[in-house]
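Here's a friendly walk through one protein chain. Have a look at the sequence and the fold, then read on.

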Amino acid sequence: MNILEQIAPDQRGSALKVAELIQSHGGRAHLVGGCVRDALLGIQAKDIDMEVYGLAVDAVEAALKPYFRLDTVGRSFGVLILKGEGIDLALPRRESKTGPRHTDFKVEGDPDMSPEEAASRRDFTINAICCDPLTGEIIDPFDGVADLKTRTLRHVSAAFSEDPLRVLRGMQFVARFQLKADSGTVELCRELNPADLPAERLWEEWKKLILKGQSLSAGLNFLKDCDWLQHFPELDALVGCEQDPKWHPEGDVWVHTLHCLDAYAAERIGDEWEDLVVGLAVLCHDFGKPDTSYTDDTGRIRSPRHDVEGVPVAKAFLERLTRQKKIFEEVLPLVEQHMRPLALYRDGAGDSAVRRLAARVKRVDRLVRVAHADKSGRPPIQPDSFPEGKWLLEKSKQLAIQDNAPKPILLGRHLIELDIKPGPHFGKILDRAYEAQLDGAFDNEDSGRAYLRKLVREIL
């Protein structure tokens, strides 16, 4: 396969230009890593990585500066970024671990390192393939091409153990490319521990799993095979947590969650933020079951209030991955309310209940996606067996709250219009007014003003 054909024309031209300039100055520039892997899989590469051999970083900068805008923030590590091109360049580096933390590395650039030796520092064989863009030659010292053909995930060398994050990288690669891990790689992963990894590095790999994984179940089962669920106890608790076979013939909560995640992945909408929020909610939606499940007097397994009780458990899981307040604000309400679509549908709920639900979850369409994934995780499912989702979407669309929470009609300025001076009482009055709005007491500014005048007389 011609690797360059899988690169967008503009980037292809820039990559060739880089290779020609580096060659004219006595060096070589190869395409490396993910862009080569993806191209061999027939996936168009978006982010291009190139490795430069035979030139020091000063010479590389001098060769490229007249033709490209360079970001030199990583220059001391031998890294240059071509601004606006989606191309990163790096000199091969020697890295040696000096301590237990992820920052305990000694990094030395070595422009004289061969492509084969540089590849030996990579994580998996499928990422240790490089290509000379000028000749099309594939350099594959660790048989990564063969592993791609057999869909095998295999570590390159003993240097793999220097960075425990590679276990999570393996997780998302297995999920994205539906790979089967080599037994020796799994054994090596079992010896590693993420304790010293910072949250932001963990977060990036979990994001890739949620946003790019085709078989999320395969990725998470890889994590299980590597004995890494012990490092994520909220997930570990799902394994062996039995469910009532009448409602969950698929198995325990772990198996159910994996089915749900695969159902979610099959219906991603391509909006990164929306997919991330929904995917995380699907992952966490049954975290409350291990603490709430019991067998009643009739032998039925029940999990009362697992939706509500799962919120602090989900929060603890997410807190080890990110400090983004918006993640907690938008994911946790979906966990708490994931059973509400069916309950409201069965009760024939009115507009007020739907408005209140929208106010809690911010977007009803998100909640419907989570509920649908939950139901799809209980096979067999029929194409028309999700009437509650259809009903809730239609209802919320009629109320213009399908993709947003109901916006408050009455604001502080309306109180000022009534000659009420700002103060702590503002919030209490407006909260009462918003509750009344959700209940349908008014639906526009004029009727809202009338309601507010009456409310103010009652309160003040």
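## The chain as a whole

The chain exposes about 21,800 Å², and carbon and sulfur atoms supply 48% of that area (accessible areas come from the Shrake-Rupley method with a 1.4 Å probe, and for residues only the protein chains shown count as cover). Keep in mind that this is a predicted model: local features need pLDDT of at least 70, side-chain atom pairs count only at pLDDT 80 or more, and totals for chains, interfaces and linings use all residues. Residues are numbered from 1 along each chain as its sequence is written, and side-chain values use heavy atoms, with hydrogens and water left out.

Along its principal axes, the C-alpha trace spans about 85 × 60 × 45 Å. There are 22 helices and 13 strands in the chain; both are DSSP runs numbered from the N terminus, with helices being H or I of at least four residues and strands being E of at least two. Of the 460 residues, 49% are buried, where buried means under 20% relative accessible area, exposed means over 50%, and partly exposed is in between (1.4 Å probe, protein chains only). Take the contacts (heavy atoms within 4.5 Å) between residues at least 6 apart in sequence: 69% of them join residues at least 24 apart.

## A seven-strand sheet

Seven strands make an open sheet with mixed pairing, in the order β3-β4-β5-β2-β1-β8-β9. Two strands pair if DSSP finds at least two bridges between them. Which strands stand at the edges? They are β3 (70–71) and β9 (138–139), and each has a single partner strand, so one side of each is left without a neighbour in the sheet.

Next, β4 (residues 79–82) runs antiparallel to β5, with four bridges joining them. Here Ile 81 is partnered by Asp 88 in β5, and Leu 82 by Ile 87 in β5. The faces of β4 are worth a look too: Leu 80 and Leu 82 are on its covered face, while Val 79 and Ile 81 are on the uncovered one. The hairpin of β4 and β5 has four residues between the strands, and Gly 84 there takes a positive phi near 75°.

Further along, β2 (residues 48–53) runs parallel to β5, joined by four bridges, and Glu 51 stands opposite Ala 90 in β5. On to β1 (residues 28–32): five bridges join it to β2, and the two run antiparallel. Arg 28 stands opposite Tyr 53 in β2.

## A proline just past β5

Pro 92 sits in the loop between β5 (87–90) and β6 (93–97). Is Pro 92 buried or exposed? Pro 92 is buried, because its relative accessible area is 0%. Pro 92 and Gly 78 are 14 residues apart in sequence, and their C-alpha atoms are 7.8 Å apart in space.

Most residues other than glycine have a negative phi. Arg 151 isn't a glycine, yet its phi is positive, about 55°. Arg 151 is in the loop between α5 (144–149) and β10 (152–153) and is partly exposed, with a relative accessible area of 34%.

Lys 362 isn't a glycine either, and has a positive phi of about 75°. Lys 362 is in the loop between α17 (351–361) and α18 (364–376), partly exposed with a relative accessible area of 33%.

## Empty spaces inside

Rolling a probe the size of a water molecule over the atoms shows where empty space is left. On a 1 Å grid over the protein atoms alone, a cavity is a set of points where a 1.4 Å probe fits but cannot get out, and lining residues have an atom within 4 Å of a point. Grid points are joined across faces, edges and corners, and a volume is the space filled by probe spheres set on the points. The count comes to two cavities of 30 Å³ or more.

The largest cavity holds about 40 Å³ of space. Its lining includes Glu 51, Tyr 53, Pro 115 and Ala 119, and the elements giving two or more residues to that lining are β2 and α4 (115–119). The second largest cavity has a volume of about 30 Å³, and among its lining residues are Pro 408, Leu 430, Gln 437 and Phe 442.

Terms used. 1 Å grid on protein atoms, 1.4 Å probe; cavity = no way out; pocket = protein on both sides within 12 Å on 5 of 7 lines; lining within 4 Å.
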